[in-house]
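Here is a short briefing on one protein structure. Look at the sequence and the model, then read on.

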Amino acid sequence: MSTDHRAGRPQPDERLAEALASAVEAMIDYELDAEARQVVHDTVGRHQALAQRLRAVPLTNADEPDFMFVPYRAEG
Amino acid sequence: MAREIYNSTIAELGALLRSRETTPTELTRLYLERLDTVARRYNAVVTITEERALREAVAAEAEMRAGYDRGPLHGIPWGAKDLLAVEGYPTTWGAPPYRDQTFGSDATVVRRLRDAGAVLVAKLGMVELAGGMGYKQPNASLTGPGITPWQADTSPSWSGGSSSGSGSAVAAGAVGFAIGSETWGSIVTPAAFCGITGLRPTYGRVSRHGAMALSWTLDKLGPMCRSAEDCGLVLAAIAGDDPADGTASRREYAWPPAGVRAKGFRFGVLSDATVGVQPEVRANFEASLSVLEEIGTVEVVSLPEFPYNDVASVIIQGELAAAFEDLMTSGDVRELTAPEDRINGLAALALPAHVYIRALRIRRLICRALDELMAGYDALIAPTLPTVASPIGEAFDRYFDRSNRSAIGAAANIAGLPGVAVPNGFGERGLPTSLSFVGRAWGENDVLAAAHVYQQRTHWHQRHPL
């Protein structure tokens with residue numbers, strides 16, 4: 001977990017979690033109650049932890065994602 | 001008809017049909033009746049497709065009488081997990097917001113089974129949206145919690161999900177076979193908890209056209225039956241490329257293959273296979289290993305080191321956010337049955353794209369590493385699940401600790417590998433335990449052959465709850 005030594009400021013991860021949770025609320029057409037908001041916040045936090053564990057797997061620029069994309073051309 | 005006919009395998013039913021000891025119509029009426037009475041007790045049924053079933057049964061009967069035999073599935077009644085589109089009937093996805101949803105044509109799998117002469121008798125219950133919203137307890141379906149037919153009167157327990165109705169209906173002898181789906185565990189879990197045989201094919205073996213998508217790169221459709229042999233017969237009917245699904249492979253598939261093996265198998269046993277499992281699960285697994293040692297070699301192996309559960313979670317979250325964006329942003333998600341399902345998926349809307357893509361990059365490494373490991377084996381072996389089915393009113397995490405379980409489930413699904421789950425005994429509360437064979441990509445016939453020989457030597461698959 002990264003640390004931010006600037007006194008009085010939330011941890012960068014906490015700021016990201018807050019920002020992403022707010023982004024979710026901005027995307028939906030209804031209001032969340034406090035309990036739901038907390039669930040979203042906590043889940044976003046777990047996603048951050050997931051992302052950190054994925055970052056621990058070393059990858060190079062040459063490691064491509066397993067997409068399936070084939071250019072399309074209609075018959076004829 | 002003998003009362004046990006409803007527990008017959010496809011092969012046995014086919015023999016009865018061809019010897020005219022029963023007819024497609026008679027068999028269909030039997031299963032329609034059992035769906036409406038027995039299977040409903042387990043919340044296994046969404047819609048009984050009676051009109052279509054009788055029409056197909058009459059047609060099958062006429063064809064067989066005229067000497068036209070479409071093959072092993074001709075006249076066999078089957079049930080479809082209710083994420084498969086069937087023209088003229090609702091396709092609910094197990095979720096209240098979609099209870100009246102209909103589609104104008106059959107899913108490819110449904111069409112292929114019709115062409116094989118099988119008789120569709122029901123749309124079967126499932127966990128809402130195939131479990132993608134993160135349900136944590138059994139009551140997560142518009143048809144109620146799926147219940148395994150085993151010990152249902154004395155110790156009602158969860159059927160497993162998300163193909164809950166498919167598992168229960170096969171175990172209850174209410175269908176000849178069923179089609180389920182698996183993104184991460186949704187065929188093998190109900191197969192295990194309902195004491196039946198379930199096959200998760202290689203990703204791309206079966207067309208997904210007309211099936212609800214939870215995760216486009218993880219979803220697989222597969223047979224749920226009363227034997228491994230039956231799974232092979234069904235897969236042969238539904239496999240193959242499809243212009244409507246660009247991921248469906250052109251690789252040929254046939255069952256039985258020329259020369260089904262009876263011995264000489266190479267098995268790899270995961271070193272952490274029995275970590276955190278219930279004592280009876282461990283005991284039954286070790287007994288299974290003794291059987292497998294009679295038909296091949298058994299070596300201890302370990303999975304390559306990767307964050308399998310994390311990769312699978314991120315891929316699912318990224319894709320379900322796209323698949324159900326409208327449901328979540330509109331607020332219709334609040335109509336889902338399980339309270340946690342109304343909220344848990346929302347955070348996926350904010351999953352950064354680079355995190356999802358990183359998961360796909362790691363996925364490529366996983367696929368190659370697993371294939372290198374599995375090149376030396378016909379199957380990796382492990383208990384399908386660490387426990388028997390949880391009590392019906394209990395949250396899953398209260399019944400077992402999932403943090404210690406083997407990562408083979410996540411690994412196999414990330415890499416799109418085939419797997420077959422077969423019953424291998426009984427455990428706590430008299431409920432079934434299960435053994436899994438996981439194969440190399442496109443190695444369905446290796447795992448099915450091994451499972452078939454195991455079943456010939458053990459007969460657990462011939463035990464039925466009703």
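In which crossing does helix 2 of chain A pass helix 9 of chain B? The crossing is left-handed, meaning that the near helix is turned anticlockwise from the far one by less than a right angle (clockwise would be right-handed).

This is a predicted model, where local features need pLDDT of at least 70, side-chain atom pairs count only at pLDDT 80 or more, and totals for chains, interfaces and linings use all residues. Residues are numbered from 1 along each chain as its sequence is written, chains are lettered from A and ligands numbered from 1 in the order written, and side-chain values use heavy atoms, without hydrogens and water.

**Helix 2 of chain A with helix 9 of chain B**

- Helices (H or I, at least four residues) and strands (E, at least two) are DSSP runs, numbered from the N terminus.
- The axes of helix 2 (residues 34-55) of chain A and helix 9 (residues 308-323) of chain B come within 10 Å and cross at roughly 125 degrees.
- Axes are lines fitted to C-alpha atoms, for helices over the stretch in contact, and angles run from 0 to 180 degrees between N-to-C directions.
- The two helices, helix 2 of chain A and helix 9 of chain B, are therefore oblique to each other (under 35 degrees is roughly parallel, over 145 roughly antiparallel, 65 to 115 roughly perpendicular, the rest oblique).
- From helix 2 of chain A, His47(A), Leu50(A), Arg53(A) and Leu54(A) meet residues of helix 9 of chain B, including Asp310(B) and Gln317(B); contact means heavy atoms within 4.5 Å.

**Helix 2 of chain A with helix 11 of chain B**

- Helix 2 of chain A also packs with helix 11 of chain B, at about 40 degrees, with axes 10 Å apart.
- Helix 2 of chain A and helix 11 of chain B are therefore oblique too.
- Their crossing is left-handed.
- Ala51(A), Leu54(A) and Arg55(A) meet Val355(B), Arg358(B), Ala359(B) and Ile362(B) here.

**Backbone features of chain B**

- Most residues other than glycine have a negative phi, and most peptide bonds are trans.
- Ala130(B) has a positive phi of about 55 degrees, although it is not a glycine.
- Ala130(B) sits in the loop between strand 3 and helix 5 of chain B.
- Gly161(B) and Ser162(B) are joined by a cis peptide bond, with omega about 10 degrees.
- Ser162(B) is in the loop between strand 3 (119-124) and helix 5 (164-171) of chain B.
- Another cis peptide bond joins Trp255(B) and Pro256(B), with omega about -5 degrees.
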